[in-house]
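Reader: I would like a close look at a single part of this model, with its surroundings described in a connected way. Please keep to what can be computed from the atoms.

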Amino acid sequence: MPERVYIGLGGNLGDVPSTLNQAIARISALPGVVYVAHSGFYRTPPWGGVEQPDYINAVLELDTGLEPQELLGLLLDIERQHGRDRSGGPRWGPRTLDCDILLYADRSVHTESLTIPHPRMTQRAFVLVPLAELNVRLTIPGEGPLRSLLERLPPQPIRLIEER
């Protein structure tokens, strides 16, 4: 039975809007995946203290019967196809493409390679704002209603640069 999944997308190297559009198309074309919607694209400053260009971020909404670990493997393949190398560099360094599973229905997953809900999503406007654009009535397992999380979020620079 398909479940609703939200994927965070981002990057800050190369033609990021084109890369995000390609990633949305590739993810949506995966066997067992049905595209629902995606948010607009948002420009935000980088996290983690590493000097680098601003990021462009979005959230993809889909339905899938794939298991979370299987979906993660396919997302990592798509990242690699876009030149992403997760083996080196600073943790929050520059990247061509980042694909993170934010929510997988109401599941909680805790493995060595995957944590759902995404562990830092409630601290980041670049996740919560595009997520709310898709479904402001969401409840984040273990965290509460998305509306409340947005209200408590400290001010962070975020700017819509491309509507869906």
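Author: Strand β5 is mostly covered, with 6 of its 7 residues buried. This holds for a predicted model. β5 pairs with β1 in the antiparallel sense, over 6 bridges. One of the residue pairs in this arrangement is V5 with Y104, the latter being the bridge partner in β5. In a regular strand, side chains alternate between the two faces of the sheet.

D98, which falls within the range of β5 (98-104), forms a salt bridge with R95 through their side chains, at 3.4 Å from N to O. Both D98 and R95 are buried.

Past the other end of the strand, the loop between β5 (98-104) and β6 (109-110) holds R107. The side chain of R107 meets that of E3 in a salt bridge of 2.5 Å, N to O. E3 sits in strand β1 (residues 3-11), and the two partners are 104 residues apart, so this pair links distant parts of the chain. A second salt bridge joins the side chains of R107 and E67 at 3.0 Å, again N to O. E67 lies in the loop between β4 (55-64) and α2 (68-81), 40 residues apart from R107, and this pair too links distant parts of the chain. Through shared partners, the salt bridges join E3, E67 and R107 into one network. Side chains of opposite charge can pair when their charged atoms come close. R107 counts as partly exposed because its relative accessibility is 24%, which falls between the 20% and 50% cut-offs. E67 is also partly exposed, at 43%. The structure holds 6 salt bridges, counting those described here.

P141 also touches this loop. P141 is placed in the loop between β8 (139-140) and β9 (144-145). Leaving out residues up to four places away in sequence, P141 touches L103, D106, R107, S108 and P117. The C-alpha atoms of P141 and Y104 are separated by 9.9 Å, and these residues are 37 apart along the chain.

Two further parts give a comparison for burial. Helix α3 (residues 125-135) is largely enclosed by the rest of the structure, because 9 of its 11 residues are buried. Among the buried residues of α3 are F126, L128, L131 and L134. L134 is also one of the contacts of H38, together with I24, V59, L60 and R164, once neighbours within four places in sequence are left aside. H38 lies in strand β2 (residues 33-38) and counts as buried because its relative accessibility is 17%, under the 20% limit. The side chain of H38 makes a polar contact of 2.8 Å with the side chain of Y35.

For the chain as a whole, there are 4 helices and 10 strands. The radius of gyration is 15 Å, close to the 15 Å given by the globule rule for 164 residues, so the chain is as compact as a globular protein of that length. Buried residues make up 48% of the 164 residues. Of the contacts with a separation of 6 or more, 69% come from residues 24 or more positions apart. The chain exposes about 8200 Å², and carbon and sulfur atoms supply 51% of that area.

Notes: Residues are numbered from 1 along each chain as its sequence is written. This is a predicted model: local features need pLDDT of at least 70, side-chain atom pairs count only at pLDDT 80 or more; totals for chains, interfaces and linings use all residues. Side-chain values use heavy atoms; hydrogens and water are left out. A salt bridge is a side-chain nitrogen of Lys or Arg within 4 Å of a carboxyl oxygen of Asp or Glu. Helices (H or I, at least four residues) and strands (E, at least two) are DSSP runs, numbered from the N terminus. Buried means under 20% relative accessible area, exposed over 50%, partly exposed in between (1.4 Å probe, protein chains only). A polar contact is a pair of N or O atoms within 3.5 Å; within protein, one must be able to donate a hydrogen and the other to accept it, and residues adjacent in sequence count only if both atoms are side-chain atoms. Contact means heavy atoms within 4.5 Å. Two strands pair if DSSP finds at least two bridges between them. The radius of gyration is taken over C-alpha atoms; the globule rule is 2.2 Å times the number of residues to the power 0.38. Accessible areas come from the Shrake-Rupley method with a 1.4 Å probe; for residues, only the protein chains shown count as cover.
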